[in-house]
Amino acid sequence: MKLNFKKIGTGKPLIILHGLFGSADNWFSISKELKDNYTLYLVDQRNHGDSPHSEEWDYGVMVEDLRELMAIEKLEKAFLMGHSMGGKTAMNFALAYPEKVEKLIVADIAPRYYAVHHQRILEGLNSLELDTLGSRKEADDQLAEYVPNLGERQFLLKSLGRGSDGFVWKINLPVITAKINEVGKALPEGESFQGPTLFLAGSNSSYIQQSDIEDIDAFFPQNEVEFIADAGHWLHAEQPDAVVEEIKRFLK
């Protein structure tokens with residue numbers, strides 16, 4: 001699948017993959033701090049942002065989407081970074097095509113299996129009747145019954161766009177709802193990536209724990225794990241300066 005992406009900056013290529021319900025725009029602020037040193041590819045993964053929708057949605061096809069993007073852009077090798085679901089895509093890509101990854105950065109996700117924990121969000125998103133929705137404020141009010149956190153609702157509603165006949169989802173909500181189990185799947189056993197790898201973890205997040213270190217060592221023996229102070233799962237939004245500092249340090 002030919003993915004939508006934004007390309008900015010100059011220098012060695014750095015591909016950044018967003019998480020579930022996100023888009024390339026989630027990393028735009030971070031990219032402005034990196035564009036003088038790197039050519040950044042901010043990618044919409046399939047079924048997200050402005051990339052095409054498909055019934056096929058798992059890490060296998062998302063890895064091949066990324067391989068196709070690199071081929072189209074004539075990138076033999078690149079720095080690769082992903083957050084959450086994007087981190088799982090990046091890890092799977094590094095295992096499948098290690099020769100294409102110069103260095104790998106994984107933001108707040110481990111190689112292990114994660115149980116589905118987005119049911120309430122999906123219930124809320126599916127409860128919105130787009131045909132009768134009058135405004136974004138109305139959508140926010142309705143979603144608040146399911147997602148009480150304002151910041152989380154604002155993030156989710158970035159995927160609510162306008163079409164010729166009213167509001168539309170940029171995400172492929174039916175497929176994501178039906179195949180949500182795919183997001184949490186563990187990396188395939190018995191494989192490893194030998195290149196330099198940085199795991200960034202939010203100190204207030206439960207996505208990467210001390211119990212994950214053994215797994216990380218097995219899949220990515222040349223790894224560093226850095227905990228970002230006062231950051232949760234959306235560490236790049238909560239502590240952007242610290243995240244940028246770690247990216248620059250690791251990639252230099």
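The following legends describe close-up views of a predicted model. Local features need pLDDT of at least 70 and side-chain atom pairs count only at pLDDT 80 or more, while totals for chains, interfaces and linings use all residues. Residues are numbered from 1 along each chain as its sequence is written, and side-chain values use heavy atoms, with hydrogens and water left out.

**View A. Packing of helix 2 (residues 59-72) against helix 3 (residues 85-96).** The axes, which are lines fitted to C-alpha atoms over the stretch in contact, lie 9 Å apart at an angle of about 70 degrees. The two helices are therefore roughly perpendicular (65 to 115 degrees).

**View B. The buried residues of helix 4 (residues 119-127).** Ile121, Leu122, Gly124 and Leu125 are buried (under 20% relative accessible area; exposed is over 50%, and partly exposed lies in between, with a 1.4 Å probe and protein chains only). Seen down the axis of helix 4, these residues fall within an arc of 160 degrees, so they line one face.

**View C. The salt bridge between lysine 137 and aspartate 141.** A salt bridge is a side-chain nitrogen of Lys or Arg within 4 Å of a carboxyl oxygen of Asp or Glu; here the closest N and O atoms are 2.9 Å apart. The two residues are four residues apart in helix 5, about one helical turn. Lysine 137 is exposed, at 53% relative accessibility, whereas aspartate 141 is partly exposed, at 42%.

**View D. A network of salt bridges linking Glu224, Glu246 and Arg249.** Glutamate 224 and arginine 249 meet at 2.9 Å, N to O.

Definitions and conventions. Axes are lines fitted to C-alpha atoms, for helices over the stretch in contact, and angles run from 0 to 180 degrees between N-to-C directions. Angles under 35 degrees count as roughly parallel, over 145 as roughly antiparallel, 65 to 115 as roughly perpendicular and the rest as oblique. The arc is that of the directions from the helix axis to the C-beta atoms.
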